[in-house]
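Please view the model first.

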Amino acid sequence: MAIQLGKIGIWRRWNQLDADLAREVERLGYGAIWIGGSPDGRLDIVDELLDATERITIATGIVNMWKDDAATVGASFHRIEARHPGRFLLGVGIGHPEATQEYQKPYDKIVDYLDGLDEAGVPVAARALAALGPKVLKLAAERTAGAHPYLTTPAHTKEAREILGDGVLLAPEQKIVLETDPGTARAIGRPAVQHPYLGLVNYRTNLLRHGFTEADLDDGGSDALIDALALHGGIDSIARGIQAHLDAGADHVCIQVLGDDPLPGYRAVSEALLS
């Protein structure tokens, strides 16, 4: 991998990120900030975060292929790369059919979009692909630096590594809730899993492939499902859950801390896994 992400990063929606938070995350030793929530194709938020920091990598998780065309995103990539060489990973993805009326033949759209990034001169080593199923995971290995799966478990990570092969980036997202009371933790984690993901066919299909049942996915998600997708407990338990992805073959795990204030979670994970 040409772009360095480190072992652990954070995932946060673009409208919840700012320069002060980026500086603190960098100070805590994280290797990357993943910008979620389909940021605008101009990617001004990437400039803001890179300008505020010195070494941390900024990645998009993801730019939605239906929202911004490859030429626009490619121009944004070159603007950012010129100012901060080697510190930006362009993560792109197809999104999901329920959100886009024009969503047709998603695999063909991904291929066409990657062709567009080729034409725009975005290097393969500087881009990643949101991927869950085997076919798109294989495409990620062939056409990008690697895969950025979202809402997955270590079992998926293990299978993804087998599909991707060695030397290909695998950077799953993992939600965490720093809370030892299970009821309180699930009350925080369940909404973040249920809305919208348990109503989306691509996520449901992937979870069903990895041992969960329709009953687990319905009615807000079973406790077992929520506990797997939004790790909770003390920091030792959460650290073991993050490490499980690394042991299963992930190169990098980006954590999404749920709750009103993510900083205690960032600090606890930093002390447990980065110090």
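The notes below go from the whole chain to single residues.

The model is predicted: local features need pLDDT of at least 70, side-chain atom pairs count only at pLDDT 80 or more, and totals for chains, interfaces and linings use all residues. Residues are numbered from 1 along each chain as its sequence is written, and side-chain values use heavy atoms, with hydrogens and water left out.

**Overall fold**

- The protein chain has 12 helices and 11 strands; these are DSSP runs numbered from the N terminus, helices being H or I with at least four residues and strands E with at least two.
- The radius of gyration is 17 Å, close to the 19 Å that the globule rule gives for 275 residues, so the protein chain is as compact as a globular protein of that length. The radius is taken over C-alpha atoms, and the rule is 2.2 Å times the number of residues to the power 0.38.
- Along the principal axes, the C-alpha atoms fill a box of roughly 50 × 40 × 35 Å.
- Of the contacts with a separation of 6 or more, 71% are between residues 24 or more positions apart (contact: heavy atoms within 4.5 Å).

**Surface and charge**

- Of the 275 residues, 56% count as buried. Buried means under 20% relative accessible area, exposed over 50%, and partly exposed in between, with a 1.4 Å probe and protein chains only.
- The accessible surface comes to about 11,300 Å², and carbon and sulfur atoms hold 50% of that surface. Areas come from the Shrake-Rupley method with a 1.4 Å probe; for residues, only the protein chains shown count as cover.
- There are 26 positive and 39 negative side chains, and the centres of the two sets lie 2 Å apart. Lys and Arg count as positive and Asp and Glu as negative, while His and the chain ends are not counted; each charge is placed at NZ of Lys, CZ of Arg, CG of Asp or CD of Glu.

**Cis peptide bonds**

- The bond from G61 to I62 is cis, with omega near 20 degrees; I62 sits in the loop between β3 (57–60) and β4 (63–64).
- The bond from H195 to P196 is also cis, with omega near 5 degrees; P196 belongs to the loop between α7 (182–194) and α8 (201–209).

- L43 has a phi of about 60 degrees and lies in the loop between β2 (32–36) and α2 (44–52). L43 is buried, at a relative accessible area of 1%.
- D219 has a phi near 55 degrees and lies in the loop between α9 (214–217) and α10 (223–229). D219 is exposed, at a relative accessible area of 80%.
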